[in-house]
Amino acid sequence: MRRLGSVQRKMPCVFVTEVKEEPSTKREHQSFKVLATETLSHKALDADIYSAIPTEKVDGTCCYITTYKGQPYLWARLDRKPNKLAEKRFKNFLHSKQNSKEFFWNVEEDFKPVPECWIPAKEIEQLNGNPMPDENGHIPGWVPVEKNNKQYCWHSSVVNYEFEVALVLKHHPDDPGLLEISAVPLSDLLEQTLELIGTNINGNPYGLGSKKHPLHLLIPHGAFQIRNLPSLKHNDLLSWFEGCREGKIEGIVWHCNDGCLIKVHRHHLGLCWPIPETYMNSKPVIINMNLNKYDHGFDTKCLFSLFSKIDNQKFGRLKDIILDIN
């Protein structure tokens, strides 16, 4: 099976969307909702959505693994955003409804500075060698997660650059009904994007860890394939999200043969997220660290060391895993 998942830019919805002037249930202080119609989008049809592989959309923050300083590194998402003057000009353009005219960006002057190590995301449009902003006025990109950078401390907790490994959650290779937490070589994840989930990410919809004992994990995009998805009809998908155990997820991402990614979020269908019991938390999980080859050279308080203490243990749910540093 081909390798899935590379989230390098904003994904379009599988349906044509419309804006309703109602308070958003997705974002506080947003006075409108973006809802799906019953019409499949041209982008989805052009990408041959019917032959695409559907996967679970996981609620976290996007990460990327590529080389830095000559070794595999975890990179955090950092979009380059316009400065105040450019943002005001862009918003005025959007509200003027003169969308027949193209907005002109001066990339060198209109955007806030970013760290020197910042790189633009792949697949974004370029003009004269400069990465161009998307429809939201942002230039998607990445910054390397340095070991002692406090801003990305939760990212840092799931990687070890000395041994070049990452803490990954995925299906057990021999049992698709079982989840597995393991230490995966960063070299095996090169050029993949992943989702960082956990205690201090996006309100922790999966209930991982606690304030006293935070827990974070990486999930490769496309890791959780959906096996029994209904037809690509609005009402059928709505019923699946509402009534099926497998539908207790944030959304669906279709991986198309041409590399295009298409999504639908529960909010597109007028449904709530987060929800009390997620499908991810309904599956048992086993710890499979196998750190003997590293001679236990990890910091005793890091997640790798704490997981090694409960290696080969099986838990009923992710929520049940408590890593006590005492």
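E15 (residues 251-255) and E16 are joined by 5 bridges and run antiparallel; strands here are DSSP runs of E with at least two residues, and helices runs of H or I with at least four, numbered from the N terminus. The model is predicted, with local features requiring pLDDT of at least 70 and side-chain atom pairs pLDDT 80 or more, whereas totals for chains, interfaces and linings use all residues. Residues are numbered from 1 along each chain as its sequence is written, and side-chain values use heavy atoms, without hydrogens and water.

Both strands belong to an open, antiparallel sheet of 3 strands in the order E3-E15-E16, pairing being assigned where DSSP finds at least two bridges between two strands. Because E3 (53-57) and E16 (261-265) each have a single partner strand, one side of each lacks a neighbour in the sheet. Helix H5 (residues 234-243) lies across E15 and E16, contact meaning heavy atoms within 4.5 Å.

The salt-bridge count is 11, the criterion being a side-chain nitrogen of Lys or Arg within 4 Å of a carboxyl oxygen of Asp or Glu. One of these pairs is Glu-123 and Arg-9, with closest N and O atoms 3.9 Å apart. Glu-123 lies in the loop between E6 (119-120) and E7 (126-127) and Arg-9 in the segment before E1 (15-20), so the pair ties together parts 114 residues apart in sequence. Arg-317 and Asp-320 also form a salt bridge, at 3.3 Å from N to O. Shared partners join Glu-277, Arg-317, Lys-319 and Asp-320 into one network.

Methods:
Axes fitted to C-alpha atoms, helices over the stretch in contact; angles between N-to-C directions.
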